[in-house]
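Dear colleague,

Please find the structure below, followed by an account of what was found in it.

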Amino acid sequence: MPDRMDRLVTLFGGGGFVGRYVAQHLYKIGARVRIAQTEPRRAFFLKPLGNLGQTQFAAVDIRNPDQVRLAVKNSDAVVNLVGVLKGDFQGLHVDGARNVAEACAAEGVPSLVHISAIGADPESESAYGRTKGEGEAAVRAAFARATIMRPSVVFGREDNFINRFAGLARVLPVLPVIRGPVKFQPVFAADVGKAVSAAALDPRTHGGKTYELGGPQVLTMRELMEWVCKSTGRNRTLVDVPDSVARMLARAFGWAPGAPITWDQWLMLQHDNIASAGADGFANFGIMPTPLSAVSEGWLTAYRRRGRFAAKQPY
């Protein structure tokens with residue numbers, strides 16, 4: 001594999017939430033980055049972050065094997081970051097993952113990193129967890145030396161998790177809590193990006209391994225919502241929604257646009273989303289995971305009554 005300063009890394013879904021952090025770490029070490037996704041224009045914001053000629057773009061539908069193979073040509077490493085919480089789970093999580101792995105094998109790409117998720121299991125009741133598990137199996141069958149990354153819930157300035165709760169806390173006097181006892185291990189997007197880029201550029205060390213990436217804190221859903229309220233200075237009442245009611249809402253209205261929870265998300269919330277005891281993770285990369293409170297000040301101020309002029313709220 002060429003020197004790091006001259007490597008070409010193709011990122012499928014590189015303009016997405018986690019992908020942008022992977023790209024930024026690759027830019028820092030001088031690697032060339034090819035962003036491959038359905039609408040490349042949505043990733044044009046990345047171009048000024050790299051040097052002249054450091055970024056390429058390719059219009060690719062990961063479900064199209066021919067397009068995928070063209071996108072991975074001459075790559076020194078490939079990272080598949082494509083994932084959805086609703087929509088074409090089979091096409092994107094399984095068929096698309098297989099297309100990427102088979103293309104890498106056919107083109108002789110030295111390194112492949114596949115982004116999965118904690119809870120990926122071919123036997124999962126949820127379509128998300130099941131297809132993530134089936135996608136892992138498809139990748140391993142086609143490219144045995146692939147590195148698989150399983151992050152917990154990822155947070156950061158652009159996330160749709162912490163920001164969603166903060167947005168609700170800004171407008172609602174009472175916040176419903178669904179599945180309050182379920183546990184999460186929130187992980188900072190920049191930490192994930194650093195680990196993914198490191199794995200992509202060092203297949204000798206990380207090839208063929210599976211890593212579970214969790215942050216330094218384990219929080220229940222209720223604790224997480226309490227933290228968001230305190231961090232944004234919103235004194236809100238939290239009301240636990242009985243499982244029977246939440247289940248009924250997810251089943252009856254989860255299909256509707258803007259629904260608070262889909263049926264598949266309800267099924268996912270039946271299990272904790274934390275790293276397995278003894279699993280390989282950030283320690284293998286020499287990364288100390290970042291706690292929520294260390295970075296949230298930078299963007300949660302927008303949800304406070306007086307913005308950045310409001311008094312800080314200790315957790």
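A crossing of two helices is left-handed if the near helix is turned anticlockwise from the far one by less than a right angle, and right-handed if clockwise. Helices (H or I, at least four residues) and strands (E, at least two) are DSSP runs, numbered from the N terminus. The model is predicted: local features need pLDDT of at least 70, side-chain atom pairs count only at pLDDT 80 or more, and totals for chains, interfaces and linings use all residues. Residues are numbered from 1 along each chain as its sequence is written, and side-chain values use heavy atoms, leaving out hydrogens and water.

Helix 1 (residues 19-28) and helix 6 (residues 189-201) cross in the right-handed sense. On the helix 1 side, Tyr 21, Val 22, His 25 and Leu 26 are in contact (heavy atoms within 4.5 Å) with residues of helix 6, including Gly 193 and Val 196. The residues of this contact comprise seven nonpolar (Ala, Val, Leu, Ile, Met, Phe, Trp, Tyr, Cys and Pro), three polar (the others, Gly among them) and one charged (Asp, Glu, Lys and Arg).

Eight of the ten residues of helix 1 are buried, that is, under 20% relative accessible area with a 1.4 Å probe, protein chains only. Among them are Gly 19, Arg 20 and Tyr 27. The buried residues pack against helix 6 and also against strand 1 (8-12), strand 2 (32-37) and strand 3 (55-59). Just after helix 1, Gly 30 has a positive phi of about 90°.

Elsewhere, Val 79 touches Leu 11, Ile 115 and Val 196, among others.

Yours sincerely

Definitions and conventions:
Buried means under 20% relative accessible area, exposed over 50%, partly exposed in between (1.4 Å probe, protein chains only). Lists of a residue's contacts leave out its neighbours within four places in sequence.
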